[in-house]
Amino acid sequence: MTRTFILLTASAALAACAPMESDADFDPAADAPPVRVVGEPRNCINRNLIRNSRVRSDYVIDFEMTGNRVYRSTLEIGCPRLGFERAFIYETPTSQLCSTEIIYVLEDFGGQVQRGAGCSLGDFVPVEYVEEGEG
């Protein structure tokens, strides 16, 4: 009986963290600058060509590449504190950063930087930034 209670509590806690499926208005990129998709999603990008990464929220990271290309990765499940801290690290043995990689939020606790939550990236969608109302 105790086991059932613990599992139900854990399930309820996880459900509280995820967007409600009935919330059709949920948009993980709502706080991100508007973009226009300019190509097919990719599983990987060349990490040596990443010029900058911009954390837009717990769900969205824009990878700005050399040559003025931008790839937006939307995480399927939000990464706790990513949007607040706006910093992350990853380790990959190759020159590719892939959607299968786990990123870790870098959390600042009184000047001490610690590795926080680990989250999986989403596909890399090539986008262009657009002005509000354009597109």
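The model is predicted: local features need pLDDT of at least 70, side-chain atom pairs count only at pLDDT 80 or more, and totals for chains, interfaces and linings use all residues. Residues are numbered from 1 along each chain as its sequence is written, and side-chain values use heavy atoms, with hydrogens and water left out.

The chain contains 2 helices and 10 strands. Read from the N terminus, their order is α-β-β-β-β-β-α-β-β-β-β-β. The chain has 135 residues, of which 28% count as buried; buried means under 20% relative accessible area, exposed over 50%, and partly exposed in between, with a 1.4 Å probe and protein chains only. Among contacts between residues at least 6 apart in sequence, 55% join residues at least 24 apart, a contact being heavy atoms within 4.5 Å.

Two strands pair if DSSP finds at least two bridges between them. The antiparallel strands β3 and β4 (residues 60-65) are joined by 5 bridges. Serine 53 has phenylalanine 63 in β4 as its bridge partner.

Strand β5 contains serine 73, which counts as buried because its relative accessibility is 0%. Leaving aside neighbours within four places in sequence, serine 73 is in contact with Tyr59, Val60, Ile61, Phe63, Leu121, Gly122, Asp123 and Phe124. A polar atom of the serine 73 side chain lies 3.0 Å from the backbone nitrogen of glycine 122.

A disulfide is a covalent bond between the sulfur atoms of two cysteines. Here a disulfide is taken as a pair of cysteine sulfur atoms within 2.5 Å, and the count by this rule is 2. One joins cysteine 44 to cysteine 98, with an S to S distance of 1.9 Å. Cysteine 44 belongs to strand β2 (residues 44-46) and cysteine 98 to strand β7 (residues 96-98), so this pair ties together parts 54 residues apart in sequence. The torsion about its S-S bond is about 105°, so the disulfide is right-handed. Cysteine 44 is partly exposed at 22% relative accessibility, whereas cysteine 98 is buried at 13%.

The other disulfide links cysteine 79 and cysteine 119, with their sulfur atoms 1.9 Å apart. Cysteine 79 sits in the loop between β5 (70-74) and α2 (82-85), and cysteine 119 in strand β9 (residues 112-120), so the pair ties together parts 40 residues apart in sequence. The link of cysteine 79 and cysteine 119 is right-handed, with 85° about the S-S bond. Cysteine 79 is buried, at a relative accessible area of 0%, and cysteine 119 is buried at 8%. With the bonded cysteines numbered in sequence order, the pairing is 1-3, 2-4.

Note on methods
Helix = DSSP H or I, 4+ residues; strand = E, 2+ residues; numbered from the N terminus. Polar contact = N/O pair within 3.5 Å; in protein donor to acceptor, adjacent residues only side chain to side chain.
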